[in-house]
Amino acid sequence: MAEVITMPRMSDTMEEGNIVAWLKQEGDSVEPGDTLAEVETDKATMELDSYFEGVLLHIAIKEGPVPIDAPIAVIGEEGEDWQAALDAISGGGSANGSAVTEEAAPAPAEEATPALPTPAPAPEPQPTAVANDERIKASPLAKSMAKEAGLDLATMSGTGENGRIVKRDIEAAMAQNGHAASAPATMPQQVATPPAPTAPPQTAAEVQTQTAPKPQVPAFSFNGGQENYQDTPVSQMRKVIARRLSESKFGAPHFYLTVEIDMGKAWDLRKQLNEVAPVKISFNDLIVKAVAVNLRKHPAVNSSWMTDSIRTNGDVNIGVAVAVTDGLLVPVVRHADMKSLSQINVEVKEMAGRAKDKRLSPEEMSGNTFTISNLGMFGIEEFTAIINPPDACILAVGGIIEKPVVRRGEIIPGRIMKVTLSCDHRVVDGATGAQFLNDVKATLEEPVRLLV
């Protein structure tokens, strides 16, 4: 019998997949290992490969979201009944639930009915006067313009939403009446007044002031009072990010610790390293390494909440948050405490590049025991981050700011970086988090420790 292809679970957090494109079409031959389609998961866009040989007989879902284990295609021998294969996994057809198919069910035969005379079209309703124009559907601008032009809104029909009278309807009525803004229908008559007393002669400056043209202020247009917005469908990645961060923020009791770190010596060390290193070391590489070596000293911070137990992780795996088009991905640098600065640099750059193309594998985005989120390159001085499960902590890193500092009673130039540690209070206590953060600070302020 033909084989039914269902939506596989491509990551541990995946609940549904979004079919982006089919790389094979109905009637194409398929070999084991051939890529059938591109599927967007909650973490990346991945290739769906075939495990079967035959012909792609039927594509059940052309594109869009599909739940886990739902049928998406059928592979079998040419001419084989793919509908029977779908019916077999759905419980035998429409009696127990319809199979996924694009063929429409035959329509029931129509009963013959005697022909009825076609009623004459009803005359179009004529606008009627309304005693109170507050009940007339019109935008505030239209009401104001109609009042100034002496137009009766009750005798007008609107072209806006649900018959609403808008600006363009008033302008059309004014053009039809042949005036830009006629006076109101009931203008009071002019009353003769005695001539004013003769004013004293004006100076040249006064005459110039009175005859100078007044500045014209352009009228404000707000699209006839209609709302202006655009709804964008939520991607699978954004759905999972929203769900997991909401669970973390409202499920884990967060508390925050902030310190200032003098990065002057780290600045000088980086400059010296880049004169001899095979790659250009970044400040983020120094931070990843400093965090990693101190997690080895503070295993309580390198832990996870497991509901009925607290898991102390033996490996130090640092997740590095990377901004992508649809949200945020966190590739993981495994055993970061054992790697050199150059190795960390190469690994982070390579995975960050593939993360932006959504080409990371699920294994490269799992197993983190601690996460770092760095917004310093965007000019952010200080922020707080939401813990990335299953971690107990995340470090938010701001930019390096040049500002005066006091050292030994003297004011000197300094390079200061603020970092904020978000902690899950179920796992990490305040003193434990503070000791870890102070050790990270001491390491970055004396970065030669990273080389020994």
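This is a predicted model: local features need pLDDT of at least 70, side-chain atom pairs count only at pLDDT 80 or more; totals for chains, interfaces and linings use all residues.

Visitor: Is Phe 283 buried or exposed?

Guide: Phe 283 has a relative accessible area of 17%, and the cut-off for buried is under 20%, so Phe 283 counts as buried.

Visitor: How many aromatic pairs turn up in the whole structure?

Guide: A search of the whole structure gives two. In one of them, Trp 267 and Phe 283 have ring centres 5.4 Å apart. Their planes are at 40 degrees, so that pair is tilted.

Visitor: Which helices do Trp 267 and Phe 283 lie in?

Guide: Trp 267 is in α6 (residues 264–273), while Phe 283 is in α7, so the pair ties together parts 16 residues apart in sequence.

Visitor: And what does Trp 267 count as, in terms of accessibility?

Guide: Partly exposed: Trp 267 has 32% relative accessibility.

Visitor: Which charged end sits over the ring of Trp 267?

Guide: That's Arg 415, with its charged end 4.0 Å from the ring centre of Trp 267.

Visitor: OK, on to α7. How many residues does α7 have, and what does it reach from first C-alpha to last?

Guide: Helix α7 covers residues 283–297, which is 15 residues, and reaches 22 Å. That's close to the 21 Å expected at 1.5 Å a residue.

Visitor: How many of the residues of α7 are buried?

Guide: 12 of the 15, so α7 is mostly covered. Among the buried ones are Asp 285, Lys 289 and Asn 294, along with Leu 286, Ile 287 and Val 288.

Visitor: Switching to the sheet: what's the strand order?

Guide: It's an open sheet of six strands, β9-β18-β17-β16-β12-β15, with mixed pairing. β9 (254–262) and β15 (332–333) are at the edges with a single partner strand each, so each has one side left without a neighbour in the sheet.

Visitor: Which strands of the sheet does α7 touch?

Guide: α7 packs on the sheet and touches β12, β16 (370–374), β17 (393–407) and β18 (410–424). The direction of α7 makes about 155 degrees with that of β16.

Visitor: How many bridges join β12 to β15?

Guide: Two, and those strands run antiparallel. Gly 319 stands opposite Val 332 in β15.

Visitor: Last one, zooming out: how many helices and strands are there in the protein?

Guide: Nine helices and 18 strands. Of the 452 residues in the protein, 39% are buried.

Key:
Residues are numbered from 1 along each chain as its sequence is written. Side-chain values use heavy atoms; hydrogens and water are left out. Helices (H or I, at least four residues) and strands (E, at least two) are DSSP runs, numbered from the N terminus. The expected span of a helix is 1.5 Å times one less than its number of residues. Buried means under 20% relative accessible area, exposed over 50%, partly exposed in between (1.4 Å probe, protein chains only). Two strands pair if DSSP finds at least two bridges between them. Contact means heavy atoms within 4.5 Å. Axes are lines fitted to C-alpha atoms, for helices over the stretch in contact, and angles run from 0 to 180 degrees between N-to-C directions. Rings of Phe, Tyr and Trp (its six-membered ring) pair if their centres lie within 6.5 Å; planes under 30 degrees apart count as stacked, over 60 as edge-to-face and the rest as tilted. A charge sits over a ring if NZ of Lys or CZ of Arg is within 6 Å of the ring centre and within 35 degrees of the ring normal.
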